Amino acid sequence: MDDVALSQLLGQLRSVSFATLGHFLEQGFVSHEIRAMVPNVRLVGRAVTLRVAHADAIAVNRALASLTHGDVLVIDMAGDHAHACIGTVTQCAALSVGAMGIVVDGVVTDLVELRAAGLPVFARGTTQLTTKLLGSASSAFNIPVCCGGVVVNPGDVVMADDNGVLILSPQMVAKAIAQAQASDRGEPALLARLRAGEAVESVLMTEPVEA
């Protein structure tokens, strides 16, 4: 998908309910254990990936230095759920270059400051133990990583809100977005009928749709 088409797709996603996409997709849903650290946010952007080895903060800093407007940093902590790799300074660095947010398969720190700054951050939780300036050569940038059970490739589309995180290739998102938009358009009418007292069985499907 070229840059123009991707930009259009991202624009469409900003007005789509991500949970509606869940009616039409089974793949790409990150573990519910990775959740919004900054509440009441919506995140849409392009994945920039990082696998951090040995709790190395240098690898995180290098990845942050590479971000551009519209990027979402997706960090695979390689199973380390003890060391926080994101806090006040690293979040500020991401904000300063126009990043859309950060998703960490691990933990973060400085929760009050993260919420005050407002950049969407998703993680498994918080801690006071942080990464160290080690400069390990084992970390890897812009490679396929695993985040909450989902394989994430550079350039994938990241969609996240208070309900969770969804990460898919642009091609897979494009296949489902028209259905999601149609479903979103129809939802207000369904709600109005239910609130008006119409019988549930006449509003909602009670039989499976034949293939």
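**From the whole chain to one site**

Modeller: The accessible surface of the protein comes to about 10600 Å², and carbon and sulfur atoms hold 55% of that area; such areas come from the Shrake-Rupley method with a 1.4 Å probe, and for residues only the protein chains shown count as cover. The model is predicted: local features need pLDDT of at least 70 and side-chain atom pairs count only at pLDDT 80 or more, whereas totals for chains, interfaces and linings use all residues. Residues are numbered from 1 along each chain as its sequence is written, and side-chain values use heavy atoms, with hydrogens and water left out.

The protein has 7 helices and 12 strands (DSSP runs numbered from the N terminus: helices are H or I of at least four residues, strands E of at least two). Its radius of gyration is 19 Å, close to the 17 Å of the globule rule for 211 residues, so the protein is as compact as a globular protein of that length; the radius is taken over C-alpha atoms, and the rule is 2.2 Å times the number of residues to the power 0.38. Of the 211 residues, 44% are buried (under 20% relative accessible area; exposed is over 50%, partly exposed in between, with a 1.4 Å probe and protein chains only).

The part to examine is Asp110, where UniProt, in an unreviewed entry, places the feature "binding site"; UniProt positions follow the numbering used here, feature names are shortened, and annotations may be inferred rather than shown by experiment. Asp110 sits in the loop between β5 (107-108) and α5 (111-117). Its relative accessibility is 30%, which means that Asp110 counts as partly exposed. Beyond its neighbours within four places in sequence, Asp110 is in contact with Gly87 and Thr88 (heavy atoms within 4.5 Å). With Thr88, a polar atom of the Asp110 side chain lies 2.9 Å from the backbone nitrogen. A polar contact is a pair of N or O atoms within 3.5 Å; within protein, one must be able to donate a hydrogen and the other to accept it, and residues adjacent in sequence count only if both atoms are side-chain atoms.

Thr49 is buried, with a relative accessible area of 0%. Its side chain reaches the backbone oxygen of Ile143 at 2.6 Å.
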